[in-house]
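Here is a friendly walk through one model, with a ligand site and some aromatic pairs to look at. Please keep the viewer open as you read.

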Amino acid sequence: MIPVNTPLLNGNEKKYLNECIDTGWISSEGPFIKRFEEEMASYVGRKFGVAVSNGSAALDIAVRALGIKEGDEVIMPTFTIISPAQSVVYAGGKPILVDADAQTWCMDVNQIEAKITPKTRAIIVVHIYGFPTDMDLVIALANKYKLHIIEDAAEMHGQTYKGRQCGSFGHISIFSFYPNKHITTGEGGMIMTDDETLAEKCKYYRNLCFKPERRFVHEELGWNYRMTNLQAAVGVAQLEKIDTHILRKREIGALYNLYLQNVSGIELMPVNTSFAENIYWVYAVVSKNKTAIQLMKLLGEKGIGTRPFFYPMHLQPVFQKKGWFISEHYPVAERIAEYGFYLPSGLGITDEEIMEVSDALKSIL
Ligand SMILES: *Cc1c(COP(=O)(O)O)cnc(C)c1O
């Protein structure tokens, strides 16, 4: 069996974890938290990092810290994981959806302006699979209409847009450190911002809205979304290796491109756009004839793990039950959701396994 993801933990992870155990610092109070926050912020080029329990939690806090509330509208891609949409809905807001770009599968930024209304408060960009969202127009629109940008860079550690780090574009940007991301803490996430007041607010929401003046007296409700020192210890070790991880991801992508280049029946991701080089968070393909479900089943029978693409927000039963998006159609998102899936492409995969997976796919096609 070749699993869809195998993490790579071959640096100082054990050493730093042992330090936590030897010193007894295992909760969210502990020196690795601050170190991971500072080192990650410096890597991305932000002033502040706030470590949290996962990427979805980071989005909950981002939406709340930016004051999104009942009746507000937030523009976002329909083709995304549910996390950003869920955060907006929990805050009482409504996601306003935009189709995917056919080349990058990120939000088609040319469709944003038509969706802006007096109720719009923010744009959530989600960088998808290999490429960042085309940011220039997003930034221009945010300035023109006085909107916040929340940047979901959960899949983009180390990726750049026109040479600038992803995670540096949002009023608040977030990362996830789930085991299939470029660096992992098992579960984990981080909020990034340059605004000290916002950073303090995020820490406040992360920690049950405790106030330093009088503990256990609360003005507002928050969450316990704290990261542990154990997770941060793994994060510090992983961050030391991020450059090798990114190189390896691009090598995995290049190997698959080589093996699959002349295979008919599938569409591969582009290697470059005008603004970025593919970082291959996952190695994704879009089938031309058979559906993703059919191909994934056949690959599964050959012992190869795969995952389907995200399922568009406008088709989600949970939102349709609210009467939302019923008559909305987003043709690009609908097509890639039905025909797209990704192959094993975690950092722990070997070159031989990449060849085996490619051969299996070729023989099926
Ligand atoms: C992984 C991911 C998340 C969620 O992160 P978790 O840490 O799993 O909660 C959010 N957005 C995107 C785009 C992701 O890929």
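What follows covers the ligand surroundings and then the aromatic rings.

This is a predicted model, in which local features need pLDDT of at least 70, side-chain atom pairs count only at pLDDT 80 or more, and totals for chains, interfaces and linings use all residues. Residues are numbered from 1 along each chain as its sequence is written, and side-chain values use heavy atoms, with hydrogens and water left out.

**The ligand**

Residues with a heavy atom within 4 Å of the ligand count as near; among those surrounding the ligand are Ser56, Ile81, Asp152 and Lys181.

| Residue | Protein atom | Distance to a ligand oxygen |
|---|---|---|
| Asn54 | side-chain N or O | 3.5 Å |
| Gly55 | polar backbone atom | 2.7 Å |
| Glu155 | polar side-chain atom | 2.6 Å |

On its own the ligand has 380 Å² of accessible area (Shrake-Rupley, 1.4 Å probe), and the protein covers 91% of that.

**The aromatic rings**

Rings of Phe, Tyr and Trp (its six-membered ring) pair if their centres lie within 6.5 Å; planes under 30 degrees apart are stacked, over 60 edge-to-face and the rest tilted. The count comes to 22 aromatic pairs. Phe79 and Phe309 make a tilted one, with centres 5.7 Å apart and 55 degrees between the planes. Phe79 is buried (under 20% relative accessible area; over 50% is exposed, in between partly exposed), at 1%, and Phe309 is buried at 5%. Both belong to one aromatic cluster that includes Trp105 and Tyr129.

Definitions and conventions. A polar contact is a pair of N or O atoms within 3.5 Å; within protein, one must be able to donate a hydrogen and the other to accept it, and residues adjacent in sequence count only if both atoms are side-chain atoms. Buried means under 20% relative accessible area, exposed over 50%, partly exposed in between (1.4 Å probe, protein chains only).
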